[in-house]
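Please read the following note beside the sequence and the model. The points are numbered so that each can be checked in turn.

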Amino acid sequence: MLRFIARRLMGAIPTMLIIIIMAFFLMRMAKGGPFDQERKLPPEIERNILAAYDLDKPLFQQFIDVNGFVCTAFLTGNHDPAAAAARGLTYDGTKYVNDKGRQFRCLGGYLGKLLGGDLGPSYKYKDFTVAELIADGAPVSALLGISAMLLATVIGLTLGTIAALRQNRASDFSIMTIAMIGITVPSFVMAPILTLILGVNLGWLPVGGWNEGALQNMILPVISLSLTQIAVISRLTRGSMIEVLRSNYVRTARAKGLPEFQVITRHAMRAAILPLISYLGPATAGIVTGSLVIEQIFNLPGIGKYFINGALQRDYTLVMGVVILYASLVIMLNLVADVLYGLLDPKIRYD
Amino acid sequence: MAVVQPVSEFQGRSLWQDARRRLFANKAAVISMIVLALIATMSIVMPFVWQHNFDDAYFDRISCPPPDYLGMTGLFGNQAEMCPTAVGQGHIFGTDANGRDLFIRVMMGGRVSLAIGFVATFVALMIGVLYGATAGFIGGRVDNLMMRFVDILYALPFIFFVIILVVVFGNNFLLMFVAIGAVEWLTMARIVRGQTLSIKRKEFIEAAEASGVSTMNIIRRHILPNVLGPVIVYVTLTVPAVILTESFLSFLGLGVQEPFTSWGVLIADGKDQMESYPWMLIFPAVFMAITLFCFNFIGDGLRDALDPRDR
Amino acid sequence: MSSILSVKDLAVRFSTPDGEVSAVNQISFDVEEGDCVGVVGESGSGKSQTFMAIMGLLANNGKASGSATFRGEELIGMKRERLNKIRGSKMTMIFQDPMTSLTPHLKVGRQLTEVLVLHKGMSEKDARARAIQILDRVKIPDASRRIDQYPHEFSGGMRQRVMIAMALVCEPQLLIADEPSTALDVTVQAQILDLLQELRRDENMSIIMITHDLGVVAGLCNRVMVMYAGEFCETAKVSEIFHDPQHPYTRGLVNSIPRLDQSSETRLIAIPGHPPNLQRLPKGCTFQERCTFAFDRCIAERPKLTPFAEERAKSCHLKGFDSLGAVIR
């Protein structure tokens with residue numbers, strides 16, 4: 001099992017690398033740069049700014065720079081002779097050399113810094129590093145996403161099971177119609193309507209803002225974000241539950257005289273949620289997509305706004321940082337899904 | 001002596017005939033097809049025949065409510081009072097904040113949304129089917145490598161990918177199709193590959209191979225027709241997904257640009273005016289929701305028809 | 001002798017997208033204490049669905065009508081809570097496909113003990129001891145170790161033994177075995193049948209054996225009921241049905257059994273044609289189109305199951321067959 005996880009994590013390395021490469025070069029293919037402004041800057045100032053951010057180099061060298069002595073990633077953030085010395089290197093004024101007097105070469109450029117855990121500075125939010133911005137927004141987005149996901153799972157599972165048990169009866173049809181509405185009406189239509197009713201007309205809940213994550217500020221965003229997922233999960237659950245309820249072993253369980261509740265929870269539920277586990281990855285992606293919109297509608301200080309603004313203003317490092325964060329999230333959750341799958345289904349062995 | 005022959009009547013009906021019969025027995029699917037055809041025809045024809053153009057702006061009729069035809073004056077406000085100049089001008093859905101006829105903009109938006117839906121799905125279909133069938137058919141190392149690539153793209157949070165593509169190439173109509181299609185093909189490729197793998201092991205493929213049919217021909221003649229079922233179902237479910245994606249992008253300001261419009265753009269604009277001018281949100285939202293509903297019902301109907309286990 | 005199970009005018013209908021299907025048509029029979037009844041018929045004859053209806057296990061689209069009483073208690077339409085007190089403890093069932101009839105994610109032991117905890121109110125510990133004992137009883141080697149394994153670690157024959165153990169663990173009064181050996185290898189089949197025979201001898205219970213194989217009936221049962229298109233066409237003592245079948249269908253079945261005392265040159269006689277479509281049964285006898293002896297009355301009128309000798313009944317308009325096999329009209 002541990003070996004399985006380790007191998008999957010190893011396998012994720014090329015995946016991440018390709019994602020980083022694609023995002024990096026795609027971003028920079030866009031017209032315009034982060035420092036374009038309405039009024040053109042004097043050329044020498046522009047040159048200085050570009051040089052300060054390494055943007056004056058050829059594109060490939062910006063990405064990966066083998067010879068540069070910008071080894072900051074490995075040697076803390078700045079030129080720090082003390083930190084270099086701790087690694088047995090000395091700074092001779094132009095380059096770092098090791099004890100044999102050879103120049104120390106290391107990966108520079110974006111990738112080099114990234115490997116050292118440095119996402120770089122933001123080009124637009126001056127005085128902030130990307131890591132700081134993410135650390136600022138991530139807790140909000142994470143809280144929102146996890147709450148929405150939990151809510152969607154609990155409600156979706158319950159509704160789907162009820163619909164399966166009442167297959168082709170009135171309650172089944174009404175649950176599935178509501179689910180269909182949840183899938184067809186986009187969250188950015190649902191959210192304002194909910195806000196209008198619960199927030200503006202009835203005045204029960206605040207219409208936006210974060211307010212340090214107060215519960216009443218969370219309710220509307222979380223509900224809006226989870227609606228689509230509730231719909232999808234209840235449809236998935238219904239389908240797989242119907243299949244499982246028709247299986248021979250559920251018939252055996254019923255023949256044993258077990259109460260229906262035990263038949264469902266002990267014998268049927270496990271197999272019925274297996275498809276849900278595979279849906280964990282896509283669900284995360286869906287929540288992420290949704291949160292971009294929901295954060296905007298409710299004006300929440302999450303990561304979404306950084307990404308949109310970053311993309312529009314060519315804040316390369318910020319966009320890269322968010323993409324990397326979400327890609328690792330999706331990869332991690334797919335791994336979690338596989339592990340859970342194995343734990344729930346004794347027939348699957350990790351080989 | 002044998003008078004009744006109940007069995008023979010049931011034989012000789014092909015899978016497709018059976019599926020068609022089941023599909024047409026499904027009321028929700030049939031109604032959906034009719035409604036969808038109606039909406040599509042209207043979107044195509046109306047811009048040619050309607051008395052207003054989609055970019056005609058009447059500055060004396062800004063944000064006018066529709067005439068009172070469903071007793072909804074209470075919700076929308078009285079047209080004659082709010083906009084005397086608009087009375088009798090055929091603004092059956094009212095006008096937008098720029099004084100343009102909302103009905104024709106909804107029709108025009110439908111054109112664009114449906115076009116994006118179909119073209120992007122077609123792109124996804126082409127790439128996905130070719131890629132998936134090839135991977136599944138060749139199998140082994142190549143298959144491994146090809147599907148690995150798909151896994152990688154899957155891990156890319158695709159909305160970011162689309163946003164980056166849209167930012168890179170600007171709000172270009174065609175590229176929007178391609179960007180969305182280029183993302184949606186992944187699932188298609190997976191479905192087709194799985195289907196191909198299972199069909200490949202069937203005897204009739206071995207028979208074709210043994211009689212010297214070329215690989216290309218086997219894929220085209222034997223494998224593609226057999227993966228058609230799940231693919232058709234997936235296609236009908238991809239079109240609405242694409243329309244939704246487009247509306248997301250429009251909401252984020254990355255969609256179709258003025259004066260052109262799509263349902264997503266109209267909804268995004270309408271949402272800001274929801275409190276004072278609710279018709280600007282309601283009409284496009286209802287049209288889009290109905291369309292998505294129809295596609296989903298047809299998709300479900302097709303799935304039940306092609307996979308006749310009663311769900 | 002008193003009857004354990006008494007069925008009267010039981011009918012099972014399924015509503016399908018293509019219309020109503022009647023799987024079982026108004027059948028009546030009794031099972032006495034200590035009886036071992038064989039129910040024989042080809043697939044689709046309604047033999048399984050009869051007992052699914054009795055156990056309350058019909059699929060969602062199925063509906064049972066008529067009456068089936070277990071020790072005087074009406075089972076059809078019984079409240080689920082009450083039915084759950086009977087099925088699994090006093091009346092149990094084994095199914096055809098052992099490969100898929102056990103819950104894959106639960107250990108075998110757990111699936112056994114839950115029955116005891118439920119019906120006998122045992123503690124987990126006592127239940128476990130009893131479960132090991134019963135696994136031993138159905139000849140699963142190394143039971144105390146295997147009780148902690150998952151079903152996929154068992155072979156088909158072993159899984160069917162687990163199913164049998166599960167059915168026996170509460171010492172039922174009636175065991176319904178739905179083709180318990182069909183899905184298994186021939187040698188394993190024989191072992192399972194031997195086991196059932198041994199259990200029948202030692203445990204005091206009635207058995208209903210559903211099968212399409214007359215041979216199984218011969219070795220195990222004392223009475224046999226032959227089903228065709230949802231109805232009984234002949235019921236008899238086992239000793240009589242083989243040498244004196246009185247319904248043309250039964251004759252066909254008996255003739256299609258390979259016999260060691262015939263030379264290998266003798267061809268087996270198959271019954272021509274297919275069972276009728278249950279969606280629209282003919283007005284007359286359901287067997288008419290496959291029957292070599294059918295005459296105009298068979299087309300016009302459905303024969304009823306009528307007793308014609310002690311413990312024998314058939315549903316056929318023919319008078320019968322004489323000892324040489326010639327038809328008496």
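**Note on the predicted model**

1. In chain A, 40% of the 351 residues are buried, a residue being buried if 20 or more other C-beta atoms, placed from the backbone, lie within 10 Å of its own. The secondary structure of chain A consists of 15 helices and two strands; helices (H or I, at least four residues) and strands (E, at least two) are DSSP runs, numbered from the N terminus. Of the contacts in chain A with a separation of 6 or more, 70% join residues 24 or more positions apart. Two residues are in contact if their C-beta atoms, placed from the backbone, lie within 7 Å.

2. This is a predicted model, in which local features need pLDDT of at least 70 and side-chain atom pairs count only at pLDDT 80 or more, while totals for chains, interfaces and linings use all residues. Residues are numbered from 1 along each chain as its sequence is written, and chains are lettered from A and ligands numbered from 1 in the order in which they are written.

3. Chain B has twelve helices and zero strands. Of its 311 residues, 46% count as buried. Residues 24 or more positions apart make up 73% of the contacts in chain B with a separation of 6 or more.

4. Two helices of chain B, α5(B) and α12 (residues 279–306), pack at an angle of about 35 degrees, with their axes 10 Å apart. Axes are lines fitted to C-alpha atoms, for helices over the stretch in contact, and angles run from 0 to 180 degrees between N-to-C directions. Among the residues that meet are L102(B), V106(B) and G109(B) in α5(B), and W279(B), F283(B) and F287(B) in α12(B). By class, this contact of α5(B) with α12(B) has eight nonpolar, three polar and no charged residues. Ala, Val, Leu, Ile, Met, Phe, Trp, Tyr, Cys and Pro count as nonpolar, Asp, Glu, Lys and Arg as charged, and the others, Gly among them, as polar.

5. Which residues have the most contacts inside the largest nonpolar core? They are I208(C), M209(C) and V226(C), in a core of 250 residues. Helix α5 (residues 102–138) of chain B gives the most to this core, with 17 residues. A nonpolar core is a set of buried Ala, Val, Leu, Ile, Met, Phe, Trp, Tyr and Cys residues joined through C-beta atoms within 7 Å. Leaving aside neighbours within four places in sequence, M209(C) is in contact with residues including C36(C), V39(C), A177(C) and L220(C).

Methods. Buried ≥ 20, exposed ≤ 12 C-beta atoms within 10 Å, placed from the backbone.
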